[in-house]
Amino acid sequence: MAGSRCFVQLSHPGREHQPDCGLEKTWNTQKHGHARKFMQLHGQWIDENRNRQSGDLYAWGEWEPESELVRALDPPDDDWLHPRWLWRPYYVPKTSYEGLHNTDPFIFGPRFLYSNCFQPSKPGLRQLDEGSVIAFGSSKKVNGWTSCTFLDVTIRPLTGDSPQPKACASARDRLRLYRGATPDDPVGGMFSFFPASPECGDSGFKRPAIDLPVEYINPRAFRAPRGFRRDRTPDELRGVWGLLVEQVHEAGLVLGTFAELPERR
């Protein structure tokens, strides 16, 4: 499928999940909005000296299924930009996924996956070419090159009969699944990453602020995808991707490149 090579700003809600069942968080339903979790993961990262490392790491991300509370955190001066809770993600398969939120983007496993967010209402998001950069602040069969976890927590909630949130999708929508580049299989030297830290401390870390020209990142474009209508050159995209990397390192964070799949219980 021919498409445009773009830099896309895909904004997501900034609300943080709260415990709702003792030391657990149940699977988030469509009665509530999407939210984020600060999670304890096991995976791989690249530090500012380009060294690859592996072990426990901590990161913000979307995970709408169940999680267990590791511990409460102590944000400095009650700073709401810091996380209040540290989660360990897991999930329990369902006989019906009706009314449940799905997880998109999916940062777990060998490649990042982006499958549906805003695609029904913004057709240009289904026509991105290889080498596009997506900044996240079908009839096609995907078995065999995705994990069972991705099918359970991202695809199956889309197959229920209940109406999905406007930004998501339903089984009637035609979508496109994108697989992210990796350090071992980059595109133009670029690869997918999430800001992370091998250390948590008592307060975790803020989601890093990204400062790019307004033609790339518009702070006012909350929940409105931008950039998918403008074709850009590979050199331009590599330059902007490099600025993202630089600002993540300047925030004292590393580039998370792999996170193990959460436990299936």
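**Backbone, pocket and charge pairs in a predicted model**

Phe118 is found in the loop between strand 7 and strand 8 (133-135), and in this predicted model the phi of Phe118 is near 70°, a positive value in a residue other than glycine. Phe118 counts as buried because its relative accessibility, 7%, falls under the 20% limit. Most residues other than glycine have a negative phi, and most peptide bonds are trans. Against that background Arg50 also deserves attention, with a positive phi of about 65° although it is not a glycine. Arg50 sits in the loop between strand 3 (37-46) and strand 4 (52-61), and because its relative accessibility is 76%, Arg50 counts as exposed. The peptide bond from Asp104 to Pro105 is a further point to inspect, being cis with omega near 5°, and Pro105 is placed in the loop between strand 6 (85-91) and strand 7 (113-114).

The space in the second largest pocket amounts to about 240 Å³, and by class its lining has five nonpolar, two polar and four charged residues.

Side chains of opposite charge can pair when their charged atoms come close. Asp235 forms a salt bridge with Arg238, with the closest N and O atoms 2.1 Å apart; Asp235 counts as exposed at 55% relative accessibility, while Arg238 counts as partly exposed at 33%.

Where else do the side chains of an Asp and an Arg meet in a salt bridge? Asp185 and Arg111 do so, at 2.5 Å from N to O, with Asp185 partly exposed at a relative accessible area of 39% and Arg111 partly exposed at 23% relative accessibility. Glu62 and Arg36 form another salt bridge, at 2.9 Å from N to O. Glu62 lies in the loop between strand 4 and strand 5 (67-72) and Arg36 in the loop between strand 2 (24-25) and strand 3, so this pair ties together parts that are 26 residues apart in sequence. Both Glu62 and Arg36 are buried. Glu68, Arg88, Glu263 and Arg265, in turn, are linked in a network of salt bridges, and the count for the structure comes to 14 salt bridges.

Helix 1 (residues 148-155) is the place of Thr154, which counts as buried because its relative accessible area is 0%. Setting aside residues up to four places away in sequence, Thr154 touches Asn102, Thr103, Phe106, Ser115, Asn116 and Thr149.

The cysteines complete the tour. A disulfide is a covalent bond between the sulfur atoms of two cysteines, and a search of the whole structure finds zero disulfides. Cys148 is exposed, with a relative accessible area of 57%, whereas Cys200 counts as buried at 8% relative accessibility.

Conventions
Residues numbered from 1 in each chain as written. Predicted model: local features only at pLDDT ≥ 70, side-chain atom pairs only at ≥ 80, totals over all residues. Heavy atoms only, no water. 1 Å grid on protein atoms, 1.4 Å probe; cavity = no way out; pocket = protein on both sides within 12 Å on 5 of 7 lines; lining within 4 Å. Points joined across faces, edges and corners; volume = space filled by probe spheres on them. Nonpolar A, V, L, I, M, F, W, Y, C, P; charged D, E, K, R; others polar. Helix = DSSP H or I, 4+ residues; strand = E, 2+ residues; numbered from the N terminus. Buried < 20%, exposed > 50% of the residue type's maximum accessible area, 1.4 Å probe, protein only. Disulfide = S-S within 2.5 Å. Contact = heavy atoms within 4.5 Å. Salt bridge = Lys/Arg side-chain N within 4 Å of Asp/Glu carboxyl O.
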